[in-house]
Amino acid sequence: MPHERRQQARRRWRLSTKLLIASSVATVIGFSAVCTSVMLDMRRGEEELARQMLENLGAGIDADISRNIELFDLSLRAVAGAMVMPEIKQVSKEIRHLILFDHAATAKHFGAIQVFDSTGQLVVDASTLDPLPENRSDEEYFSIHRDQPYTGLYISKPMLHRSAYAIVLSRRISGEDGSFLGVVTGSIRFSYFHELFGRLTLAPGDTITVLRRDRTIIMRTPFDLDVIGTNLAERRNWTADNLKNNGSYSGAGPIDQTPRLYVRRSGNGPLFTVVGRPLEGVFSLWRKEAIRIGAIMAALILFVLGTTLFLAREIGRRAEAEEKLEELATTDALTGLRNRRKFDAEIDAEWRRAGRHATPLALLIIDADHFKAFNDTYGHQAGDQVLVGIAICISDSVRRAGDCTARLGGEEFAVLLPGHTTVEAFTVAETIRRKIEQWRDQETITTVSIGIASLTPLPGQNWTDLVEAADRALYAAKANGRNQSVVASLPGLSLVA
């Protein structure tokens, strides 16, 4: 019973320690989960904010480019329409220039509008009344308009056009019967894009790319002539599904491997714009905040875990201290056996258990013979040594975990034997008596008298009845000459030596 109670107490303390550690770990995990969720929300917020900024930037660029192309295309349409008028061939060059180019869009970045006949020969040039001979039949835009009547406005790949890098805008001139009469062309120089992008405040690593519908790069900043004119449809690691119309994409792009957030803005025009910003720049502020919060959380986690380990250690120390205090409170200081207080608690518990299970409970009461005379003759120190020797002999003879050995006071001891019948208890008593008799201290022989009682508790009985019976048996043993074991036979309490 004492061992079981100590084990139960230890289990309670261990459970308390485990609960403390578990609750601390759960708290840390909970706070970490909340912190992680907040940080992920902040990251998504930073990405969404960057996406909106790029969308606005791309929309502004796309609108400017589309507006200028549309204005220039209106001039090309007007010239193409005027060229099929019968009267145009009958007027002078000056009047023809006024008719064709009076309302044509002009700007410093727009090249002069030119008209080529069906053979590719230059027939009209907005910049001069007498143009020099020039043939463009070998140009891609010329063959496309000749072979594909419904092409509409065609924008060429970037090229060196009239001593300047530009894109050529062209339209077909068709007769009333749909026959091919020639091509009207104009150009937008790269300087237009350079000036447009130069007005913007871009972060390091930002990119702006203007492409045709077939994904040919028309212009890009930062400017790289080797990239201009590249068709991304030829890149195997980059497909149109990566960046759909008015969509976004995060990762390495088709030009370089720098991870960026790309946003595509596309109206109804022949060109579309893709704006990119490095993910390092998009998440730079978030990363700093994440590091700061992560450091704070790490410090808090270390503090909580450290505090938990400290408290767990203190709980363990307290458990050990309480166990020691309990041992001191229930142990006889001289012999190391249980004291009277602990014995009373043990016999009460075992009595109840024996009553519940209808099993016998045996009690031995042991008293040292002539101890007072021995103590007076040899002194208290020698008497204490005798008591310790008796306790050792009793402990050596009683080895079951459920048995209880105690010093009741003075030279009187008790042994509680749950489940033992009278015969079994008598055997244990004789073992104790003979061992003590054989033990010698300073050439003196020490003997004990033992009273034995064993009964199965019945309703109305109390464990004091068992103690009283064993006590009477002890008195009988002393009266019969000492150094013997006497059994109390219940309920008549007749004594048997």
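This is a predicted model: local features need pLDDT of at least 70, side-chain atom pairs count only at pLDDT 80 or more; totals for chains, interfaces and linings use all residues.
Helix axes are lines fitted to C-alpha atoms over the stretch in contact, and the angle between two axes runs from 0 to 180 degrees between N-to-C directions. In it, the axes of helix 7 (residues 340–357) and helix 11 (residues 463–479) come within 9 Å and cross at roughly 115 degrees. Helix 7 contributes Asp344, Ile347, Asp348 and Trp351 to the contact, and helix 11 contributes Trp463, Leu466 and Val467. Five of these contact residues are nonpolar and two are charged, with no polar residue between helix 7 and helix 11.

The partner in one of them is helix 8 (residues 371–378), packed against helix 9 at about 135 degrees with the axes 6 Å apart. Angles of 65 to 115 degrees count as roughly perpendicular and those over 145 as roughly antiparallel. Helix 8 and helix 9 are therefore oblique to each other. On the helix 8 side, the contact is made by Phe371, Phe374, Asn375 and Tyr378. On the helix 9 side, it is made by His380, Ala382, Gly383, Val386 and Leu387. The contact of helix 8 with helix 9 has six nonpolar and three polar residues, and no charged ones.

The other partner is helix 10 (residues 422–438). Helix 9 (residues 380–397) and helix 10 pack at an angle of about 140 degrees, and their axes lie 9 Å apart. This pair is therefore oblique as well, helix 9 to helix 10. The crossing of the two helices is right-handed. From helix 9, the contact draws on Ile390, Cys393, Ile394, Asp396 and Ser397. From helix 10, it draws on Thr431, Ile432, Lys435 and Ile436. By class, five residues in the contact of helix 9 with helix 10 are nonpolar, two are polar and two are charged.

Two cavities of 30 Å³ or more were counted. The largest cavity holds about 190 Å³ of space. It is lined by 16 residues, of which Leu232, Trp238, Leu243, Pro254 and Val274 are the closest to its centre. Strand 7 (207–212), strand 10 (259–265) and strand 11 (271–278) are the elements that give two or more residues to this lining. Strand 7 provides the largest share of the lining of the largest cavity, with three residues. The lining of the largest cavity comprises ten nonpolar, three polar and three charged residues.

The second largest cavity has a volume of about 40 Å³. Its lining consists of Asp62, Ile65, Ser66, Ile69, Val210, Gly269, Pro270, Leu271, Phe272 and Thr273. Helix 1 (2–83) and strand 11 are the elements that give two or more residues to the lining of the second largest cavity. The largest share, four residues, comes from helix 1. Six residues in the lining of the second largest cavity are nonpolar, three are polar and one is charged.

The largest pocket contains about 310 Å³ of space. Of its 16 lining residues, Met83, Val84, Ile88, Lys89 and Leu181 are the closest to its centre. Strand 1 (114–117) and strand 2 (122–125) are the elements that give two or more residues to the lining of the largest pocket. Strand 1 gives the most, with three residues. The lining of the largest pocket divides into eleven nonpolar, one polar and four charged residues.

The peptide bond from Thr221 to Pro222 is cis, with omega near 5 degrees. Pro222 sits in the loop between strand 8 (217–221) and strand 9 (248–252). Arg482 is not a glycine, yet has a positive phi of about 70 degrees. Arg482 is placed in the loop between helix 11 and strand 18 (485–489).

Note on methods: Residues are numbered from 1 along each chain as its sequence is written. Side-chain values use heavy atoms; hydrogens and water are left out. On a 1 Å grid over the protein atoms alone, a cavity is a set of points where a 1.4 Å probe fits but cannot get out, and a pocket is an open set with protein on both sides within 12 Å along at least five of seven lines; lining residues have an atom within 4 Å of a point. Grid points are joined across faces, edges and corners, and a volume is the space filled by probe spheres set on the points. Ala, Val, Leu, Ile, Met, Phe, Trp, Tyr, Cys and Pro count as nonpolar, Asp, Glu, Lys and Arg as charged, and the others, Gly among them, as polar. Angles under 35 degrees count as roughly parallel, over 145 as roughly antiparallel, 65 to 115 as roughly perpendicular and the rest as oblique. A crossing is left-handed if the near helix is turned anticlockwise from the far one by less than a right angle, and right-handed if clockwise. Contact means heavy atoms within 4.5 Å.
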